[in-house]
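Let us read some features of a model together, one at a time.

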Amino acid sequence: MTSGAAGSGPLAGLDPGRSKCGLVLTDHERREIRQALVLPPEAAWQLLQDWHRHQALAAVVIGDGTGSGPWRRRLEPLLPVELVDERGTTLAARRRYWELFPARGWRQLLPLGLRQPPRDWDDVVAQLLLERRLGRTLLRTTPAP
């Protein structure tokens, strides 16, 4: 899918969960992650509405897993929702986490497969969903949440 399919403007990526959600926002050109957070679901909902009010989001990209249904129903009256295949994103995001935030101290001594990020990485999952949708890697200069 091309980046023009959802119209112009920034995209949000959402990794929905029962207790926490990963949420990221691109710039208008969809080249860079401007914000990346891990939030409780209601806080994620409030922030999505705020982003849309202030920046006219082109769409929200979410994974097509079981948690997407309620979010889709809630979001679709507000703005377009695009589903992306989320298979394998959790493991891929764990690897990507270490690319974005290289290990320090004793963690760098562990093989990559044994490293566990020191925080929730749902924001990285949301970023991967956006990257799958866009077909390219997004620049991320934001600090870890």
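**Pocket and helix packing**

Q: What is the volume of the largest pocket?
A: A pocket is an open set of points on a 1 Å grid over the protein atoms alone, where a 1.4 Å probe fits, with protein on both sides within 12 Å along at least five of seven lines. Volume is the space filled by probe spheres set on the points. Here the largest pocket has about 250 Å³. Of its 15 lining residues, Pro16, Gly17, Arg18, Thr66 and Gly67 are the closest to the centre; lining means an atom within 4 Å of a point. This is a predicted model: local features need pLDDT of at least 70, side-chain atom pairs need 80 or more, and totals for chains, interfaces and linings use all residues. Residues are numbered from 1 along each chain, and side-chain values use heavy atoms, without hydrogens and water.

Q: Which helix gives the most to the lining of the largest pocket?
A: Helices are DSSP runs (H or I, at least four residues), numbered from the N terminus. Helix 2 (residues 68-75) gives the most, with three residues.

Q: At what angle do helix 3 and helix 4 pack?
A: Axes are lines fitted to C-alpha atoms over the stretch in contact, and angles run from 0 to 180 degrees between N-to-C directions. Helix 3 (residues 89-100) and helix 4 (residues 122-134) pack at about 105 degrees, axes 9 Å apart. They are therefore roughly perpendicular (65 to 115 degrees). Contact means heavy atoms within 4.5 Å. Among the contact residues are Ala92 and Tyr97 of helix 3 and Val125 and Leu128 of helix 4.

Q: How do helix 1 and helix 2 pack, and at what angle?
A: Helix 1 (residues 41-55) and helix 2 pack at about 30 degrees, axes 12 Å apart. Their contact includes Trp45 of helix 1 and Trp71 of helix 2.

Terms used:
Helices (H or I, at least four residues) and strands (E, at least two) are DSSP runs, numbered from the N terminus. Angles under 35 degrees count as roughly parallel, over 145 as roughly antiparallel, 65 to 115 as roughly perpendicular and the rest as oblique.
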